Amino acid sequence: MPDFTHLHTYSHYSLLTALSKIPDLVEEAKKNGMHSLALTDAGNLYGAIEFYQAAKDAGIKPILGMETWIAPQGVTSPETEHLILLAKNNEGYQNLIRLSSFAQTEGYSTSGARVDPDTLREHSAYLFCLSGINHSGVYEALAHGDYERAKSCAAAYAEIFGSNFFLEVAPSSLWDNHATLTKHIQTLAEELNLPLVVTGESRYLSEDEAPSLDILLAIKNKTTIHNPERFSMADADFSFKSPTQMEELGSDLPHSAFDN
C-alpha cells in the first residue's frame with residue numbers, strides 16, 4: 001500500500017458543509033495504514049483538541065490545520081478566497097488560534113469569518129499554506145480564463161509564506177474543466193518554481209453519503225434539494241479515499257506532489 005497523508009480534511013465541525021465525525025476519520029485513517037492525518041475545518045478550530053487526542057490514541061500523527069477565508073481587499077469587502085493552513089509545531093498552532101480568533105471577531109461579517117492579507121502575514125510563521133482547490137483564488141482565476149490573475153494570486157501567497165507555500169492538485173473538484181485546470185496549475189508551479197502537493201478534499205467517509213451532504217448544503221443556503229439553481233457539490237466525490245485510491249485517481253500527477 002502506498003503512503004499518503006490527507007492534508008485537506010473536514011469534519012462535522014465544518015458546520016453544514018461536512019459530515020465526518022472525528023473518531024470515524026481517525027479510525028478510517030488507521031484502517032488504511034495512514035501514519036498521519038490533517039484536520040482543516042472551515043474557519044474554525046472547534047475539533048482540534050478532540051482530533052489531537054483521538055489521533056494520538058490511535059498512533060497517528062495529528063496535523064492541526066484550518067481552512068481560512070481570505071479577504072484580499074480587506075475584511076469589509078465581500079470578496080473572499082480560501083486557503084488551507086497547517087501548523088508545523090505549537091508556535092504554528094498558536095498562530096492558527098490567533099487567525100481564527102481574529103476571523104471570528106474583527107473579521108466577522110455577513111459574508112463570514114475572514115482574515116485580511118496583513119493579518120495573515122503577521123501570523124504566518126510556522127505555518128504551511130496550501131493554495132486550496134474549490135473557491136480558492138488561484139483556481140477561481142484559472143476557471144475564468146485569467147491566468148495572469150492566478151499567477152499574481154499564487155505569487156502573493158508565496159511572498160508571504162516562502163518555501164512553505166504549495167499549490168494544490170486533486171483528482172477531482174467542482175470545476176467542469178478540472179483536468180484543464182490541473183494542467184494550468186502544473187504550468188503555474190513550473191513558471192513560479194512552486195512545489196505541488198496532492199490533496200483529496202474529504203467531507204464525508206463514503207460516496208453513499210453524498211446525498212446527505214447535499215441536504216446539509218440546502219439547509220445552509222436556506223433552500224431545498226428541489227431547487228435547480230442551488231449550490232450543490234453532488235457532481236464531485238468528496239469521500240475519504242485510501243492511499244491506493246488516491247494513487248490510482250492521481251496517476252497522471254507528478255510523484256513528487258504525492259511525496260510532498
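Leu16 counts as partly exposed, at 33% relative accessibility. Buried means under 20% relative accessible area, exposed over 50%, and partly exposed in between, with a 1.4 Å probe and protein chains only. The phi of Leu16 is positive, about 65 degrees, although Leu16 is not a glycine. Leu16 sits in the segment before α1.

His135 is another residue other than glycine with a positive phi, near 70 degrees. His135 lies in the loop between β6 and α5 (137-143). Its relative accessibility is 28%, so His135 is partly exposed.

## Basis of the model

This is a predicted model: local features need pLDDT of at least 70, side-chain atom pairs count only at pLDDT 80 or more, and totals for chains, interfaces and linings use all residues. Residues are numbered from 1 along each chain as its sequence is written, and side-chain values use heavy atoms, with hydrogens and water left out.

## Salt bridges

How many salt bridges does a search of the whole structure find? The search gives seven. A salt bridge is a side-chain nitrogen of Lys or Arg within 4 Å of a carboxyl oxygen of Asp or Glu. One of them joins Glu28 to Lys31, with the closest N and O atoms 3.3 Å apart. Both residues belong to helix α1 (residues 22-31). They are three residues apart, about one turn of the helix. An α-helix has 3.6 residues a turn, so residues three or four places apart point the same way. Glu28 is buried, at 18% relative accessible area. Lys31 is exposed, at 61%.

Asp146 and Arg149 form another salt bridge, 3.5 Å from N to O. Asp146 is partly exposed, with a relative accessible area of 30%. Arg149 is also partly exposed, at 42% relative accessibility. Arg203 and Glu201 meet in a salt bridge of 2.9 Å, N to O. Arg203 and Glu201 are both buried.

## Cysteines

How many disulfides does the whole structure hold? The search finds zero. A disulfide is a pair of cysteine sulfur atoms within 2.5 Å. For Cys129, the nearest cysteine sulfur is that of Cys153, 9.4 Å away. Cys153 is likewise in no disulfide, and its nearest cysteine sulfur is that of Cys129. Cys129 is buried, with a relative accessible area of 0%. Cys153 is buried too, at 11% relative accessibility.

Strand β7 covers residues 165-169 and is mostly covered: five of its five residues are buried. In a regular strand the side chains alternate between the two faces of the sheet. Both faces of β7 are covered. Phe165, Leu167 and Val169 are buried on one side, and Phe166 and Glu168 on the other.

Which strands pair with β7? Strand β6 (residues 127-130) runs parallel to β7 and is joined to it by two bridges. Two strands pair if DSSP finds at least two bridges between them. Cys129 stands opposite Phe165 in β7. Three bridges join β7 to strand β8 (residues 196-198), again in parallel. Here Glu168 stands opposite Val197 in β8.

β7, helix α7 (residues 178-192) and β8 make a right-handed β-α-β unit. A crossover is right-handed if, with the strands pointing away from the viewer, the path from the first strand over the helix to the second runs clockwise.

## Helix α6

Helix α6 spans residues 147-161. At 1.5 Å a residue, its 15 residues should span 21 Å. The expected span is 1.5 Å times one less than the number of residues. The end C-alpha atoms of α6 are 21 Å apart, which agrees.

Which residues of α6 are buried? They are Ala150, Cys153, Ala154, Tyr157, Ala158, Ile160 and Phe161. Seen down the axis of α6, these buried residues fall within an arc of 160 degrees, so they line one face of the helix. The arc is that of the directions from the helix axis to the C-beta atoms. On the other side of α6, Glu148 and Glu159 are exposed. Gly162 follows α6, with a positive phi near 60 degrees.

Definitions and conventions: Helices (H or I, at least four residues) and strands (E, at least two) are DSSP runs, numbered from the N terminus.
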